[in-house]
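Please look over the structure shown below before reading on. The briefing that follows takes up each chain in turn, and then the place where the chains meet.

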Amino acid sequence: MAELNETIHQTVRLRIMAALVTLETNEELEFTYLRDLLEVTDGNLGAHLRKLEDAGYIIINKAFVERKPRTYVSATTNGRKVFSEHVAALEAILKSK
Amino acid sequence: MNISPTEAEEALTAIQTMMQKTRRAISSSGAYKFLILWGAIWMVGFLGSQFLPKEIAGYVWIGLDILGGILSAIIGIRMNRGVRTSVPTSSGKRIAIFWLLLFLYCFAAVAVAWPVDGKQLAMFIILFVTVGWIAMGLLLSFASVWWGLALLGLSLVGYFLLPDIFYLLMAFLGGGGMIALGIYVRNRW
């Protein structure tokens, strides 16, 4: 049976993962784009992204686009798997109500 | 880790909301710009057809179409800058190429059918633009497919049933409608 994941269950991290798994596997979201989607501050988003990166659920890439530094974020294969297991666990709890 | 069914329901709702918001943000990030651009071009072009001498109106249309093609390509390339893909040919570039090819097809079709009068030329442009619109709708936001079909229907009704006010109908209902829809898409999504 699928289990809940404590790292992902936190509200902001849950929403970050939901946004990232919506993308195709070869796509990444730009940091400020993700920040605007989530309506959080830079610092808040940065802190949650570090936790997800440490857990191996996301990858953070830094690049220069038109001479400006950009940060891109994407979900790892493991991150997608853990997230879908978390969603399955949530649905199982709801069904057992 | 244990949570109540109510918490689980709230978490699932938050996930669904975020996924929907992300999909909409990505898909609508540039679609409205095409609508406003082509709405403005239609309004100016058809008002020109109504009030300017035929030859000058023809040149106005050619200029507007070239401008529209270039701006559509730029919008296509700049779309979804918040999303980066590892695939070499991004969807934005493909969209830009699609619009450029569509205009080449339009010019070719007009050349094959030449000579055509002003209304026929306008209908050629409308047919190709609405094909492009519907294709964009299928790719980016399915709801706008119905608006594209409605515009196509309106144009055909004007062409066959209301030829005397065809240009004015296209300027205000066609062009104005596209601008209004573009603003609506931008604000709603």
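**Briefing on a predicted two-chain model**

In chain A, 58% of the contacts with a separation of 6 or more are between residues 24 or more positions apart, where two residues are in contact if their C-beta atoms, placed from the backbone, lie within 7 Å. This is a predicted model, in which local features need pLDDT of at least 70 and side-chain atom pairs count only at pLDDT 80 or more, while totals for chains, interfaces and linings use all residues. Residues are numbered from 1 along each chain as its sequence is written, and chains are lettered from A and ligands numbered from 1 in the order in which they are written.

**Chain A as a whole**

- The secondary structure of chain A consists of five helices and three strands, where helices (H or I, at least four residues) and strands (E, at least two) are DSSP runs numbered from the N terminus.
- Followed along the sequence, these elements give chain A the pattern α-α-β-α-α-β-β-α.
- Chain A has 97 residues, of which 36% count as buried; a residue is buried if 20 or more other C-beta atoms lie within 10 Å of its own, exposed if 12 or fewer, and partly exposed in between, with C-beta atoms placed from the backbone.

- The 12 residues of α2(A) should span 16 Å at 1.5 Å a residue, and the end C-alpha atoms are 17 Å apart, which agrees; the expected span is 1.5 Å times one less than the number of residues in the helix.
- The buried residues of α2(A) include A:Leu14, A:Arg15, A:Ile16 and A:Ala19.
- The axes of α2 (residues 11-22) and α3 (residues 31-38) of chain A come within 11 Å and cross at roughly 120°, where axes are lines fitted to C-alpha atoms, for helices over the stretch in contact, and angles run from 0 to 180 degrees between N-to-C directions.
- α2(A) and α3(A) are therefore oblique to each other, since angles under 35 degrees count as roughly parallel, over 145 as roughly antiparallel, 65 to 115 as roughly perpendicular and the rest as oblique.
- Where these helices meet, A:Val12, A:Arg15, A:Ile16 and A:Ala19 of α2(A) are in contact with A:Leu34, A:Leu37 and A:Leu38 of α3(A).
- The residues of this contact divide into six nonpolar, no polar and one charged (Ala, Val, Leu, Ile, Met, Phe, Trp, Tyr, Cys and Pro count as nonpolar, Asp, Glu, Lys and Arg as charged, and the others, Gly among them, as polar).

**Chain B as a whole**

- Chain B has seven helices and one strand, and from the N terminus on its elements run α-α-α-β-α-α-α-α.
- Of the 189 residues in chain B, 33% are buried.

**Backbone details**

- Most residues other than glycine have a negative phi, and most peptide bonds are trans.
- A:Glu39, in the loop between α3 and α4 (42-54) of chain A, has a positive phi near 60°.
- With 9 C-beta neighbours inside 10 Å, A:Glu39 counts as exposed.
- A cis peptide bond, with omega about 5°, joins B:Trp114 and B:Pro115, and B:Pro115 lies in the loop between α4 (91-113) and α5 (118-140) of chain B.

**Where the chains meet**

- In chain B, 21 residues are in contact with 24 residues of chain A.
- The elements that give two or more residues to this side of chain B are α1 (5-28) and β1 (83-85) of chain B, and α1(B) gives the most, with 13 residues.
- The residues on this side of chain B divide into 13 nonpolar, four polar and four charged.
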